[in-house]
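This report describes the arrangement of one protein chain and the contacts that join its parts. Please consult the sequence and structure shown here while reading.

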Amino acid sequence: MTNKVNFFATCMGQSALQDTTISSIKLLRHFGVDVVYKKNQTCCGQPAFNTGYFKEAKDVAFYNMALFADNDYPIVVGAGSCSGMLSHDYNELFKHDSEETKKAVAAFSSRVMDLSQYLESIGAKLEDKGDPIDVTFHTSCHSLRVQQCIPAQKNLIRQLSNVTLHDLDYEEECCGFGGTFAVKEPEISDAMVTEKIRNIKNTNCKIVIAGDNGCILNISGAMAKKGEDIAVMQIYDFLLKRITGESVL
């Protein structure tokens, strides 16, 4: 496994969650990985793909393939749904294209890894420098079913000696975000995130961790609206704080 990677920040990682992007890069550097960051990177194309705008999704895919064509380093992504789009859904998007195009897409997608899976692949060992704390975990839909990186994410958390990870009831149920679903079906989305928050509260944990940026914005926004005093943390923000001894609350 190379010690040099491209980092794909995702559109949310460049707009709403810039600190998470910085945390992710710092984590990689902590483990001796050189990071290439393309300043003109953009969306993975998932919003267009999920809503049936396949031509537009292909345009984004071709852009990303060209952007990362100047090296053969792994493309590490800091969010499970976006890594799933790049590594799996691109192949679905181009399944009716020419053999040459499908081969090029497959070659690109094979380079993509979720950050948790990359850290696990290089044998990253996390030394916990924080105080004892109890946390719970929200499993995002795409991380679970598409990128299948939930085991890697949880394994990283379980390395932290002073962190107790509590099971969350109905952990694998959607938080209600679903991209445009939250906009098109706001009442259903609100009911789903309300149920998710109820289950989080039942753990009595003051922190819930997740590995997908959309879920984090959705759950944290609903928490704030309902006046709940529970922190919603992106996994890579949490991991970095624990190994550097910075308070997570």
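The model is a predicted one. On the domain 1 side that touches domain 2, the elements giving two or more residues are α1 (11-15), α2 (18-30), α3 (46-50), α5 (80-93), β4 (112-114) and α7 (115-121). That side of domain 1 comprises eight nonpolar, 18 polar and five charged residues. The count of salt bridges between domain 1 and domain 2 is zero.

## Domain layout and buried area

The domain assignment divides the chain into domain 1 (4-121) and domain 2 (128-244). Taken over C-alpha atoms, the centres of domain 1 and domain 2 are 22 Å apart. Contact between them involves 31 residues of domain 1 and 24 residues of domain 2.

The size of an interface is often expressed as the accessible area lost when the parts come together. Domain 1 and domain 2 bury about 2,200 Å² between them, and 62% of this area is on carbon and sulfur atoms. Of the area that domain 1 buries against domain 2, Met12, Leu27 and Ser116 supply 21%, more than any other three residues.

## Two buried loop residues

Thr10 is located in the loop between β1 (4-8) and α1. With a relative accessible area of 2%, Thr10 is buried, because this value is under 20%. A polar atom of the Thr10 side chain lies 3.0 Å from the backbone nitrogen of Gly13. Leaving aside residues up to four places away in sequence, Thr10 touches Gln41, Val77, Ala79, Cys82 and Asn213.

Cys44 occupies the loop between β2 (34-37) and α3, and is buried at a relative accessible area of 3%. Although Cys44 and Phe8 are 36 residues apart along the chain, 8.9 Å separates their C-alpha atoms. Apart from residues up to four places away in sequence, Cys44 touches Phe8, Val60, Asn64, Cys82, Met85, Leu86 and Tyr90.

## Salt bridges

The count of salt bridges is ten. One of them joins the side chains of Lys38 and Asp70, with an N to O distance of 2.7 Å. Lys38 lies in the loop between β2 and α3, and Asp70 in the loop between α4 (54-67) and β3 (75-77), so this pair ties together parts that are 32 residues apart in sequence. Lys38 is buried, with a relative accessible area of 11%, whereas Asp70 is exposed, at 57%.

The side chains of Asp59 and Lys55 also meet in a salt bridge, at 3.2 Å from N to O. Asp59 and Lys55 are separated by about one helical turn, because they are four residues apart in helix α4. Asp59 is partly exposed, with a relative accessible area of 40%, and Lys55 is exposed, at 56%. In the salt bridge of Glu92 with Lys95, the closest N and O atoms are 2.8 Å apart. Glu92 is partly exposed at 40% relative accessibility, and Lys95 is partly exposed at 39%.

## Positive phi outside glycine

Gln148, a residue other than glycine, has a positive phi near 55°. Gln148 is placed in the loop between α8 (141-145) and α9 (150-158), and is exposed, with a relative accessible area of 54%.

Tyr170, likewise not a glycine, has a positive phi of about 55°. Tyr170 is found in the loop between β6 (163-166) and α10 (181-184). The relative accessibility of Tyr170 is 54%, so Tyr170 counts as exposed.

How values were computed. Residues are numbered from 1 along each chain as its sequence is written. This is a predicted model: local features need pLDDT of at least 70, side-chain atom pairs count only at pLDDT 80 or more; totals for chains, interfaces and linings use all residues. Side-chain values use heavy atoms; hydrogens and water are left out. Buried means under 20% relative accessible area, exposed over 50%, partly exposed in between (1.4 Å probe, protein chains only). Domain bounds come from an automatic or database domain assignment. Contact means heavy atoms within 4.5 Å. Buried area is the accessible area (1.4 Å probe) that two parts lose on being put together, summed over both. A salt bridge is a side-chain nitrogen of Lys or Arg within 4 Å of a carboxyl oxygen of Asp or Glu. Ala, Val, Leu, Ile, Met, Phe, Trp, Tyr, Cys and Pro count as nonpolar, Asp, Glu, Lys and Arg as charged, and the others, Gly among them, as polar. A polar contact is a pair of N or O atoms within 3.5 Å; within protein, one must be able to donate a hydrogen and the other to accept it, and residues adjacent in sequence count only if both atoms are side-chain atoms.
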